[in-house]
Amino acid sequence: EKLVRNAKKIDCSPHLGRQLEKGLTADWVAWRISTFDYLMALNNLSCRSLDNISQYPVFPWILDNVSGSSLDVTNPNEYRDLGLNLALLGEESKAKLYKRSAEFHDMNENEQFHLGSHYSNQGVIFQYLMRTYPFFEAYVKLFSGLDDPNRMFHSIQESLVSIKQEPSDIRELIPEFFLVPEVYINPVSYTHLRAHETSLHLVCRLLLEKKKKKK
């Protein structure tokens, strides 16, 4: 905890950052700090903060498959290869990415790109936290209303499927995924937001107030 508190006070100096990182890594390897605290400290060393929505802490997707009803935590195949970008995890996504790269030869050099989106931005943060205050209001303001429910975060399983199919979906996670259960639950206070749970995942169903009044 002392190391994490100190990491939050750093001035983002590269030299100081490297020195702190070495100490943090040693403590993490020796089980003196948790993986969560280690990742938070690394984010702080990178000048990412919960106080800055444009530089929000980034946590990686850890699991590679959540399609079953149970998870064998001792099976290495259940976990993501952290050495790969999200766009390279699924065969379908990887094939699309390679195809796009092959088409670069017909494009102007200034128009060439690999990934057309970012692993973390305001939209991603608001999508993940839109079930909590005040991020719901910020989400509505950013997107000028409620987005299509199918494009919103409503299922860990379906999010992983999307990642493996679309190279444009490279959204990494945020600390709240491992800390704040409210990100998975639609609050009753939002009368235009309803949810029901299945045995596998939470399904979010958005209903606009004007549609309810028509009924």
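This report walks through a predicted protein model, from its confidence to a few of its residues.

Some ground rules come first. Residues are numbered from 1 along each chain as its sequence is written, and side-chain values use heavy atoms, with hydrogens and water left out. Because the model is predicted, local features need pLDDT of at least 70 and side-chain atom pairs count only at pLDDT 80 or more, while totals for chains, interfaces and linings use all residues.

**Confidence**

So what is pLDDT? It is the predictor's confidence in each residue, from 0 to 100. The protein chain has a mean of 76, with 74% of its residues at 70 or more. Helix α3 (residues 35-45) comes out highest, at 90, and strand β2 (residues 202-206) lowest, at a mean of 40. Helices (H or I, at least four residues) and strands (E, at least two) are DSSP runs, numbered from the N terminus. Over residues 188-214 the pLDDT is below 50, and this stretch has 50 contacts in the model beyond near neighbours in sequence. A contact means heavy atoms within 4.5 Å. Where pLDDT is low, the predicted coordinates should not be read in detail.

Tyr133 and Pro134 are joined by a cis peptide bond, with omega at about 5°. Pro134 sits in the loop between α5 (122-129) and α6 (135-143). Trp31 isn't a glycine, yet its phi is positive, at about 65°. You'll find Trp31 in the loop between α2 (14-29) and α3. Cys47 also has a positive phi, near 65°, and lies in the loop between α3 and α4 (91-102).

**Buried or exposed?**

Buried means under 20% relative accessible area, exposed over 50%, and partly exposed in between (1.4 Å probe, protein chains only). Here is how some residues score:

| Residue | Relative accessible area | Class |
|---|---|---|
| Trp31 | 80% | exposed |
| Phe178 | 41% | partly exposed |
| Cys47 | 34% | partly exposed |
| Phe177 | 9% | buried |
| Tyr128 | 3% | buried |

**Aromatic rings**

The structure holds eleven aromatic pairs. Rings of Phe, Tyr and Trp (its six-membered ring) pair if their centres lie within 6.5 Å; planes under 30 degrees apart count as stacked, over 60 as edge-to-face and the rest as tilted. Tyr128 and Phe177 have ring centres 5.0 Å apart and planes at 75°, so this pair is edge-to-face. Tyr128 is in helix α5 and Phe177 in the loop between α7 and β1, so the pair links distant parts of the chain, 49 residues apart. Ring pairs also link Trp61, Tyr128, Phe153, Phe177 and Tyr184 into a cluster.
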